[in-house]
Structures are given as structure tokens and as C-alpha cells.
Amino acid sequence: MSAVAIWLAALSQLLLVTGQLLLKRGMRPTPVRAGSLAGGIALLSGWFFLWLGLLADWDLSRLFPFEGLNPVLVVLGAWLFLKEHVPLIGWIGITLISIGVALVTSS
């Protein structure tokens, strides 16, 4: 994969995760934050169309491992921005996922 493809794949995952975090924030019971919901929907729409463009141009076997970054980034984002607790086993799991993604995409 070219550097551009790797950058775009990483960007697509950032859009996906940020959109999910905004939706989670916007769905808190009191008060519902319309701006967070709208931002989440916009970012997920951007992710969708970027991901379709990547699927059209790159081998799925090289592109799809970037989806493995999604749980890692969601856990990190939830911990940093939503102040959720992540147990030690969660940190071990996201470390193993990160290693797996690096191994698959480096070949």
C-alpha cells in the first residue's frame, strides 16, 4: 500500500471513531446535545464515502486490517474524552490488537 492509502485508511478510522464518540456524547440522557449528534452523523457520513473510495481502489486484504484499529481507537477515545474506566485486561487487549494490525499491514 502506498503512503497515501495508509494515511487515508487511518483517516477513515479516525472519522469513524470520532463520529461514534460524538454520537455517544450526544445520546446522554440529559441534555441531548444536538450538535454532538449532528457532528457524529456528519463524520460517519464522511467515513462511509471515504471507505467506499478506498474499497474501490485498494485490495480488501490490505485495507481491511485497518478496521482492527477501530476498537483500539474507540477504547482510547472513550477513556480520554468520555472518562470511561478501562481495566488492565482492556489495555492488554488493545495492545495485542495493535500488534496484529501492524503485522498484517506490514507484509
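1. Basis. The model is predicted: local features need pLDDT of at least 70 and side-chain atom pairs count only at pLDDT 80 or more, while totals for chains, interfaces and linings use all residues. Residues are numbered from 1 along each chain as its sequence is written, and side-chain values use heavy atoms, with hydrogens and water left out.

2. Helices 4 and 5. Helix 4 (residues 69–81) packs against helix 5 (residues 88–106) at about 145 degrees, the axes being 9 Å apart. Axes are lines fitted to C-alpha atoms over the stretch in contact, and angles run from 0 to 180 degrees between N-to-C directions. Helices are DSSP runs (H or I, at least four residues), numbered from the N terminus.

3. Their contact (heavy atoms within 4.5 Å). Helix 4 contributes Leu 69, Pro 71, Val 72, Val 75, Leu 76 and Trp 79, and helix 5 contributes Trp 91, Ile 94, Ile 97, Ser 98 and Val 101.

4. Core. The largest nonpolar core has 11 residues, among them Leu 16, Trp 47, Leu 69 and Val 101. Such a core is a set of buried Ala, Val, Leu, Ile, Met, Phe, Trp, Tyr and Cys residues joined through side-chain atoms within 4.5 Å. Helix 2 gives the most, with 4 residues. Beyond four places in sequence, Leu 16 touches Leu 44, Trp 47, Glu 67 and Asn 70.

5. Ser 36. This residue lies in helix 2 (residues 34–57). Ser 36 is buried, at 11% relative accessible area (buried means under 20%, with a 1.4 Å probe and protein chains only).

How values were computed
Helix = DSSP H or I, 4+ residues; strand = E, 2+ residues; numbered from the N terminus. Buried < 20%, exposed > 50% of the residue type's maximum accessible area, 1.4 Å probe, protein only.
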